[in-house]
Amino acid sequence: MGVRKEGPAGTAGPSIVPQGPARLVLISVTIALLAQTVRFALPQFGHFAEDTGVSAAAPLVLLVSLAGFLAPVIRRLAGARGLLIVGVGGLLAVRLLAQAISPRLWLAFVGVAVGMVAVAALYEGARGLSGVGFATATVGGLAVDTALRMAFATWDPVWQPGVGPWLACLGVVGLGVAALARELSSGPVAPPGISWRDALGAAAVGPFLALQVLILSSPAFVASSGWQSLHGAHVAVIVGQGLALAFLASGLAVRAVPGGVCVLGGTVLGVGTGAIAGSFAVTGTAVVGVVIVGQVLSAWLLAVACRAPLRRAGAGGQVWRIDVGAAVGGFLVAVLLLTYQLAGVESVPVPNNLLPGLAGILLGALAAVAAARGGPLPARAPLRALTAGAAALVLLIGTLVFNATAPKATPAPVNAGELRVVTYNIHSALNGEGRLDPEGIVRAIEAQRADVVLLQEVARGSLVSGTTDIGVWLSRRLGMHLIWGPAADSQFGNAILTSRPVRSSGTDRLPTGDWSQVRGFVWARIGVGRTTVDVWSTHLEDGGGEGTVRNAAISVLLKAWAEAPRTIIAGDMNAGPGSPEISRLVDGTGLRSAWVDSEVTPTTPDGGKIDWIFGTDDLMFSEIDVRPSAASDHYPLAATVRIGQ
């Protein structure tokens, strides 16, 4: 890739100039590992906040996210090579260690700290590339990472043992080590002088990566918000990434992009992503269009913003200013994603859809700041554009692997006159140690030989589950139909899994108090022999002082049910035996509990009796069972339901 020459070099210490394709591989691998590290760290941080409280956990996580500001110190003490070794080399070591011992809280903190330094090292390793080249390698790395995740049904290999996950890890880490070794062998040259305005462009990687992790490179997000199949969602993501690569490779970038155009592009990106994210977002096929256009816009804005920080020569201040700009970008990733995750589950007086909107606008603003500042530019190359776009289609191999490796589940024996029903709050498949373990959820469900599973706290692309599509993963693993019911947002809610035929279904949200988490319900009418049974899954507000909110939700739930016969309503009611809420559900409503009060068994490790199964009088309950399991912070509650004739 040819580059335009700049003015005289600055006078600071030596820098690394990458040689050949190794620099592209280095950028791609570093970006992929940054995304993976963020995804395995967020569930750990969420678990940490549950144990210690948000007020204690959030400041500590944000403090660690400031580690990128140590990059200038590392550069001064160890030079440019030392910065690359600490940042990129450290990130490679973290990924390898995480695969060996499984993600842990301390490793999440270390990974985030090293990752923040790696953002600065990224610009050091990319010195001399055009902004288009940098953005191309970045999008390519994310595309490969997405394809790799799809091969594992979006459950990141870092959480899994076995040969396949290890091969995936060693493949990525091996490429990274080879590219890093090549970069370290490059000869040193004088770094450029850089103004603070130019250095600020390095921060653009922050909002760009936040949008990619949360929305644009998340098949689970597109599947749950767009009401698409998971493989269809991955095709949409790949199409967007392919178009972005084609646009970048075409050389359509101009030497002096008007700042106003960048602001407009960022605003369009922010409005689009903000509209499809959050509690009350646009859903359906419009999501696919926003993601495809968003991929192109975000890649273009990143390319414009990063042109100036990547120059090999220029007049101005010391090169460590770029390190500071990159550290700001790394910190923005943490602030945007952590706040979004917090706003979805806590009482925060800020709609969480404002955050992706803010990320898009920030990306546009940073591009506008650097728009006319110059930097290396590629020549136009239409043939290269077609090649780059077509190459992205190869990454559909992830979807092919996903389809070819579907497990063969053994269905429970079908009894025409009865159902085995399980209600289970799965806590986003996070076990007691904060590790993502959907396989543990499967074992707990399979032990009950269930026909119908009524789930709460199901994540489908939520940050709390590392953007894994837990709903689809469980459906695929158990060989059951999935009926989805979004609640807090389209990525977090209730679900029904069943091996019986589904005749119809529906979902809605429940009233909530203030800015607390939005709750909801989902129902399905399933075929049982020659008749049907309606099954409902719901999750009411938690907290000892939220009885009024729960009772209001129960009123809405009962009205929606409308006293239909042969109905089972179950879930995490966050209310115990004898409470006003449980009385409201059974007194004069035509519903009764599957067990009498004297038989109620704790359904949580701390002795809570808050998970319930209710049914109409034309149903008979027996074989009620609660089996302790460490796969969630609740135990599955099961009952056999016989249908009256």
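Q: Buried means under 20% relative accessible area, and exposed means over 50%. In this predicted model, does Phe-48 count as buried or exposed?

A: Take the percentage and hold it against the cut-offs. Phe-48 has 16% relative accessibility, so the residue counts as buried. Phe-48 sits in helix 1.

Q: Does Pro-21 count as buried or exposed?

A: Use the cut-offs again. Pro-21 reaches 61% relative accessibility, so this residue counts as exposed. Look for Pro-21 in the loop that runs between strand 1 (15-16) and helix 1 (22-52). Then compare sequence with space. Pro-21 and Ala-179 are 158 residues apart in sequence, yet their C-alpha atoms are 8.6 Å apart.

Q: What about Ser-475: buried or exposed?

A: Ser-475 has 13% relative accessibility, so Ser-475 counts as buried. Its place is in helix 18 (residues 470-478). Setting aside residues up to four places away in sequence, Ser-475 touches Met-480, His-481, Leu-482 and Leu-497.

Q: How many helices and strands does the protein chain have?

A: The count is 20 helices and 14 strands. Now the totals. Of the 645 residues in the protein chain, 61% are buried. Consider contacts between residues at least 6 apart in sequence: 79% of them join residues at least 24 apart.

Q: What describes two packed helices?

A: Now the case here. Helix 5 (residues 131-151) packs against helix 12 (residues 286-305) at an angle of about 140 degrees, and their axes are 7 Å apart. That angle makes helix 5 oblique to helix 12. Their crossing is right-handed.

Q: Which residues in helix 5 and helix 12 meet?

A: Take each side in turn. Helix 5 brings Gly-131, Val-132, Phe-134, Ala-135, Thr-138 and Val-139. Helix 12 brings Ala-299, Leu-302 and Ala-303. By type, the residues of this contact divide into seven nonpolar, two polar and no charged.

Q: In what order do the six strands of the open sheet stand?

A: Read the sheet from one side to the other. The order is 7-8-9-10-12-11, and the pairing is mixed. Strand 7 (502-509) and strand 11 (591-593) stand at the edges with a single partner strand each, so one side of each has no neighbour in the sheet. From one strand to the next, the twist averages 20 degrees.

Q: How many bridges join strand 9 to strand 10?

A: Six bridges join strand 9 (residues 531-539) to strand 10 (residues 567-572), and the two run parallel.

Key: Residues are numbered from 1 along each chain as its sequence is written. This is a predicted model: local features need pLDDT of at least 70, side-chain atom pairs count only at pLDDT 80 or more; totals for chains, interfaces and linings use all residues. Side-chain values use heavy atoms; hydrogens and water are left out. Axes are lines fitted to C-alpha atoms, for helices over the stretch in contact, and angles run from 0 to 180 degrees between N-to-C directions. Helices (H or I, at least four residues) and strands (E, at least two) are DSSP runs, numbered from the N terminus. Angles under 35 degrees count as roughly parallel, over 145 as roughly antiparallel, 65 to 115 as roughly perpendicular and the rest as oblique. A crossing is left-handed if the near helix is turned anticlockwise from the far one by less than a right angle, and right-handed if clockwise. Contact means heavy atoms within 4.5 Å. Ala, Val, Leu, Ile, Met, Phe, Trp, Tyr, Cys and Pro count as nonpolar, Asp, Glu, Lys and Arg as charged, and the others, Gly among them, as polar. Two strands pair if DSSP finds at least two bridges between them. Buried means under 20% relative accessible area, exposed over 50%, partly exposed in between (1.4 Å probe, protein chains only).
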